[in-house]
Amino acid sequence: MIIFLQLFTGAFVDLASFALLCAFPFTGYFRLPRRKNTLITISLILGSALAYAAAGTYLSFILPFDNRLYQAISAVFICCTILCFFWYLYAVRAIWQKKAFIFLFAMTSALFISSICNCILNFLPGPGSWIPDTPITIAATFVSNVVVIPLLCLFLKYFYLPVEDGMSAKEIGYLSIPLLLLFGTFFIVFSYVDFIYIISNITAVSLYFGLLLTVFLLYGVIFKMYSLAHERYLADEKYARLQYQEEIRGEQYKRIYENIENSRKMRHDLRHHMVILQGYLESGDPEKAKDYLNLYLKSMEDHRIIQYCGNPVINMLISHYSDLAKSQDIAFSTHVHIPDMLPVPDTDLSVLVGNLLDNAVSAAATAAGTDRMIRLNMNCSGKMFGVTVDNGFDGDVKQNGRAYLSTKSGGQGLGLKILADIAEKYDGGVEFTHEAVMFHSSVMLRLPSHPARSPLHTDPH
């Protein structure tokens, strides 16, 4: 009975500490509710500890008290942890590379804690035992876990967790390789080399603990360097996005300026046109006056902004890109059904619609024949504002996984990222798909309750 209690207590301390370290980085990634997940985990730990204790007690009756008993009980412990491992794989909802890295980190940490315990036990008086878990070993393990586990959790909190979301599956997979090699190496070494020999040799014990500490230190440096590099990348990307938005706005304001200048020119030239018309009529040549008037009206038509809706920003944008499309023999059709005032700042509207139409015109210009077309649809339904653009293209797409890469801005899809950012800002979403030589863009925004103040909308007060 004493052996059973010792084995059960030792297994429970080891498994509970190991489970805590494995679960700490995945607090928000559990597949089941936290309460249910905790109850199942505790039940599995208790069940595994009971099975280990029962099997170990039985082996102590049929095997002599020598190294064979120690190895047999250790093998049973490994087998009893397999069920807990499979539960860990299921319970955590994350990519397998992250789960593998944390598991290997916990295994290496357990090896580190076990080494500390062995050092403590080497300096304590008392006879040795072929049972892995004795009162003194359980106490040493418990003390080591209480001291080391919180430090390892702090290490993960301040070094790993801030960068894990930005790391790709491939990067985390590469980081797992050194841990796997380290754990495999030490596991093989301890299978053939007596730890007492390592502890008794000051050079060997210094190299052993120095290597373990160096590994943790290197991982801390790697995570910190990655964090700094990621921050620099985000800053550069933000700057590039701001530049891209400024280019879009500059093009739009250029259109506004051109329309203002054309209006001034027309008003300035109107008196001269009236004089010419008066001359034709006074000379009795109404046909020439009629032809001249038709030419004048056509020139006015070329420069006016078509009223697609009551929103001046939308009208200006659609007019600009409609003219741009027609100048490149691209068929342009629209269906706009939105209120005159949208509770979205004109800066966001201009970047949103400008990006969609700019990408559509650039893509449609590469299409052939009847595929050189653009269809724009804008609609408001309740609190939802949606914009869809369908355009032809040459059928050549660049993708990174499911994400599309633009042929502009260095091929990074900067405009598409900006659209995603705006959609996220308004609790909406974006979707980009393609089929053969047709590309489909869709953006949905949830409109805020209060109208936005806009510099292009005149305050009636």
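**View 1. An open sheet of 5 strands with mixed pairing.** In this predicted model, the strand order across the sheet is β1-β2-β3-β7-β6. The edge positions are taken by β1 (331-337) and β6 (429-435), and each has a single partner strand, so one side of each lacks a neighbour in the sheet. On average, neighbouring strands are turned by 10° against each other, direction ignored. Strands of a sheet pair through backbone hydrogen bonds, in either the parallel or the antiparallel sense.

**View 2. The antiparallel pair β2 and β3.** Strand β2 covers residues 373-381 and strand β3 covers residues 384-392. The two are joined over 8 bridges. Within this pair, Arg375 stands opposite Asp390 of β3.

**View 3. The antiparallel pair β6 and β7.** Here 7 bridges join the two strands. Phe432 stands opposite Ser441 in β7. The hairpin of β6 and β7 has 2 residues between the strands, and Ala436 takes a positive phi near 55° in this hairpin.

**View 4. Helices α10 and α11 against the sheet.** Helix α11 (residues 346-364) lies across β1, β2, β3 and β7 (438-446). The direction of α11 is at about 15° to that of β3. Helix α10 (residues 312-327) also packs on the sheet, where α10 touches β1 and β2. The direction of α10 makes about 165° with that of β1.

**View 5. Helix α10 from end to end.** The 16 residues of α10 should span 22 Å at 1.5 Å a residue, and the end C-alpha atoms are 23 Å apart, which agrees. At the start of the helix, a side-chain oxygen of Asn311 comes to within 3.1 Å of the backbone nitrogen of Val313. Just after α10, Asp329 takes a positive phi of about 60°. The buried residues of α10 are Val313, Ile314, Asn315, Met316, Leu317, Ile318, Ser319, His320, Tyr321, Ser322 and Ala325. An α-helix has 3.6 residues a turn, so residues three or four places apart point the same way.

View 6. Leaving aside residues up to four places away in sequence, Ile314 touches Cys309, Ile338, Leu349, Val353 and Met378. One of these contacts, Ile338, is 24 residues from Ile314 in sequence. The C-alpha atoms of Ile314 and Ile338 are 9.8 Å apart.

**View 7. The packing of helix α1 on helix α5.** Helix α1 (residues 2-23) and helix α5 (residues 135-164) meet at an angle of about 5°, and their axes are 10 Å apart. The two helices are therefore roughly parallel to each other. On the α1 side, the contact is made by Gln6, Thr9, Gly10, Val13, Asp14, Ser17, Leu20 and Leu21. On the α5 side, the residues are Pro135, Ile138, Thr141, Phe142, Asn145, Ile149, Leu152, Cys153 and Leu156.

**View 8. The whole protein chain.** The secondary structure comes to 12 helices and 7 strands. Of the 461 residues in the protein chain, 39% are buried. Among contacts with a separation of 6 or more, 75% are between residues 24 or more positions apart.

Conventions. Residues are numbered from 1 along each chain as its sequence is written. This is a predicted model: local features need pLDDT of at least 70, side-chain atom pairs count only at pLDDT 80 or more; totals for chains, interfaces and linings use all residues. Side-chain values use heavy atoms; hydrogens and water are left out. Two strands pair if DSSP finds at least two bridges between them. Helices (H or I, at least four residues) and strands (E, at least two) are DSSP runs, numbered from the N terminus. Axes are lines fitted to C-alpha atoms, for helices over the stretch in contact, and angles run from 0 to 180 degrees between N-to-C directions. Contact means heavy atoms within 4.5 Å. The expected span of a helix is 1.5 Å times one less than its number of residues. Buried means under 20% relative accessible area, exposed over 50%, partly exposed in between (1.4 Å probe, protein chains only). A polar contact is a pair of N or O atoms within 3.5 Å; within protein, one must be able to donate a hydrogen and the other to accept it, and residues adjacent in sequence count only if both atoms are side-chain atoms. Angles under 35 degrees count as roughly parallel, over 145 as roughly antiparallel, 65 to 115 as roughly perpendicular and the rest as oblique.
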